[in-house]
Amino acid sequence: MLNEINPELFERLKKVDSSREFFEFLDRRLRKSVRINTLKARLEVVFERLSKEGLLEERVPWCDFGYYVSEEDFSTIPEHQLGIIFPQSSVSMIPPLLMDLRKGMKVLDLCASPGAKTTEIAQLMENEGCIVANDVKIERLNVLISNLQKCGVLIAKVTMMDGRKFGKFENRFDAVLVDAPCSNLGMIRRSYAHAKLWSLKLSLDLSKLQKELLIAGYKALKPGGVLVYSTCTFEPLENEAVVDYLLRNTNAEIEEVNLPLRSIPGFTEFEGHRFLGEVKKCIRIHPQLNDSEGFFVAKLIKSESS
Ligand SMILES: C[S@@+](CC[C@H](N)C(=O)[O-])C[C@H]1O[C@@H](n2cnc3c(N)ncnc32)[C@H](O)[C@@H]1O
């Protein structure tokens with residue numbers, strides 16, 4: 001199927017993961033999931049009600065408030081309309097869990113819309129502190145603001161700026177998330193549209209933008225703070241190459257990701273390009289490993305001496 005839609009992409013992906021399971025899972029329907037929003041209701045109460053209704057299935061193993069759901073379309077369920085449950089893919093729940101969030105922190109979400117992770121960050125901070133939720137596109141900001149309101153987030157300041165300009169706010173934030181714009185190849189299970197759109201040039205252009213966004217996010221972070229970089233693509237140019245760039249050009253350190261899930265270490269080499277050995281501490285989540293979308297994440301620390 002994929003080889004008919006975009007043969008160039010098919011050949012590229014074979015270099016990333018040549019296993020039969022990888023391509024099989026790209027073709028399978030995605031298992032949907034939701035996050036229970038504890039800013040609006042108690043987890044046990046929502047869990048009990050929606051389990052009785054047969055909506056919730058088992059818990060997402062790495063997220064205490066993430067659940068797989070049985071219904072294909074749950075948009076008419078009152079809890080969804082009220083922001084008590086938020087549709088979010090299981091892997092998209094990961095980045096905020098790595099940010100060592102606490103109440104009272106000052107957090108930057110550099111590429112925030114539509115706000116799945118911003119609302120999760122607010123949940124983990126129990127609505128105490130401050131989140132600067134930024135995006136560059138006005139039409140995306142409207143969705144972000146509506147989701148923040150729906151989920152009862154009280155601590156977000158929404159800004160519309162090119163994220164690359166945040167570098168001028170040096171050492172301001174306790175934690176930063178760069179959930180970067182990417183080629184979305186990990187979302188092929190939702191739609192083949194992303195596969196049709198892909199070209200090597202697209203990934204090369206995105207890689208340049210992602211490096212600049214990550215450097216800006218790093219500058220804005222306080223020494224000792226956590227910077228999480230994530231994408232929903234398989235493309236090494238947008239993943240390992242970007243983290244490698246940050247490590248080579250700053251004093252950033254990279255930490256292991258310890259979550260109860262199956263993953264592949266970041267590549268230290270791809271198509272003749274060598275990345276720093278440390279890059280293997282990034283994780284790649286390919287769809288067959290946890291029956292999920294594809295995802296990539298790195299946890300970085302700004303060294304105290306920066
Ligand atoms: C992967 S999406 C973010 C998803 C979001 N973090 C969430 O969890 O719902 C990437 C976002 O980056 C935004 N973006 C693209 N270029 C940007 C830039 N130069 N600065 C800031 N945001 C940018 C896009 O508008 C898009 O909303």
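Which residues are linked in a network of salt bridges? Arg12, Lys15, Glu235 and Glu271 are.

This is a predicted model, where local features need pLDDT of at least 70, side-chain atom pairs count only at pLDDT 80 or more, and totals for chains, interfaces and linings use all residues. Numbering starts from 1 along each chain as its sequence is written, and side-chain values use heavy atoms, with hydrogens and water left out.

**View 1. The salt-bridge network of Arg12, Lys15, Glu235 and Glu271.** A salt bridge here is a side-chain nitrogen of Lys or Arg within 4 Å of a carboxyl oxygen of Asp or Glu. The structure holds 28 of these salt bridges.

**View 2. Arginine 20 meets glutamate 24 in a salt bridge.** The N to O distance is 2.7 Å. Both sit in helix H3 (residues 20-26), 4 residues apart, or about one turn of the helix. Helices (H or I, at least four residues) and strands (E, at least two) are DSSP runs, numbered from the N terminus. Arginine 20 counts as exposed at 58% relative accessibility, while glutamate 24 is partly exposed at 32%. The cut-offs are under 20% relative accessible area for buried, over 50% for exposed, and partly exposed in between (1.4 Å probe, protein chains only).

**View 3. Arginine 189 pairs with aspartate 291 in a salt bridge.** Their closest N and O atoms are 2.8 Å apart. This pair links distant parts of the chain, 102 residues apart: arginine 189 is in the loop between strand E8 (173-179) and helix H9 (193-197), and aspartate 291 in the loop between helix H12 (287-290) and strand E15 (295-301). Arginine 189 is buried at 8% relative accessibility, whereas aspartate 291 is partly exposed at 24%.
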